[in-house]
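Welcome, and please load the model in your viewer. We will go from stop to stop, selecting a few residues each time.

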Amino acid sequence: MNPNKKRLRRTMMFLNAQKPGLIKDPYIYKPDSIMLDLEDAVAENQKDAARFSLYHALQTIDYRGCEKVVRINGLETAFWREDVRCAVAGGCDSIRIPKTESAQDVKTVEEVIIQSEKEFGREPGSVLIMAAIESARGVMRALDICESSERLFGIALSGGDYTKDLQTRITGTGIELMGARQNMVIAARAAGVQCFDTVYTDLNDMAGFQQDVETIHLMGFDGKSIINPRQINTVHKIFTPSEKEVIFAEKVVREIDEKKAQGIGVFTVDGKMIDIAFYDGAKRTIELAKASGTYKGGLLDD
């Protein structure tokens, strides 16, 4: 399995692949991933120019650890195959498929990725896939999509197109997205892949944005698509375990390891009843802190 499949992805920042001013140095804001967009951000008569810009950016810019994801055009268009070839040739890490409605959509793109890896000398399996779900049909088939390929690291909700398909609109309350969000998280967890939330487009409402991020964090999402560097710190803060949470997680792991050896199944940590069911969550908290660069280690010994 590609070791990057489970990497930390709290933020994925959208960037128009055609605009050099946007794609030359987004790493300075330290998003976990950047989304170089060949689809909606690019006019139909500018697709070739956008690919040219994308290829040279991927070839020449050191993105300093940011994952490089390329959003291709939809499978109903004449552009997507060349998008995949250009992205793989340039050196992208992942391909984002828009408007995914079936496992076959993922397999269709995967075939072209495999061919492109061979054509351009990329290591087999090095290019991952994520699927954007933008319709009611896609939401209903989320589990099939999540289980479609070993390359698929996650699914993402595209709220704008989804609410149009649902015959409603984005309200800012999250009510219209709740069903899709929960269904997608459940499907992703069942399949062992990641799940990402849609963008929040009102840059002047940072309080609303924070509340939105807190909601999807509680729902179990792995991260959020963003459209502006101003949004990065809020997401990272909410999705990064606090020192208090890490200390508690370390205590849980240590106590479970010790009590299990003694044949004790239920006990208390800081006044809270704990059993083996808490173990994986505590380990994940520690791993998230390590991946986020905030883990200090040995906190219990201080």
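Which residue stands opposite isoleucine 133 in S6? Select both and you will find leucine 157 there. The model is predicted, so local features need pLDDT of at least 70 and side-chain atom pairs 80 or more, while totals for chains, interfaces and linings use all residues. Numbering starts from 1 along each chain as its sequence is written, and side-chain values use heavy atoms, without hydrogens and water.

Next, show strands S5 (residues 128-133) and S6 (residues 152-157), which pair in the parallel sense over five bridges (pairing takes at least two DSSP bridges; strands are DSSP E runs of at least two residues, helices H or I runs of at least four, numbered from the N terminus).

Now pick serine 94 in strand S4 (residues 94-97). Serine 94 is buried, at 0% relative accessible area (buried means under 20%, exposed over 50%, partly exposed in between, with a 1.4 Å probe and protein chains only). Its contacts beyond four places in sequence include Glu67, Val127 and Phe153 (contact means heavy atoms within 4.5 Å).

Finish with H8 (residues 178-191) and H9 (residues 206-219), whose axes come within 10 Å and cross at roughly 40°. Met178 and Val185 of H8 are among the contact residues, as are Asp212 and Ile216 of H9.

Conventions. Axes are lines fitted to C-alpha atoms, for helices over the stretch in contact, and angles run from 0 to 180 degrees between N-to-C directions.
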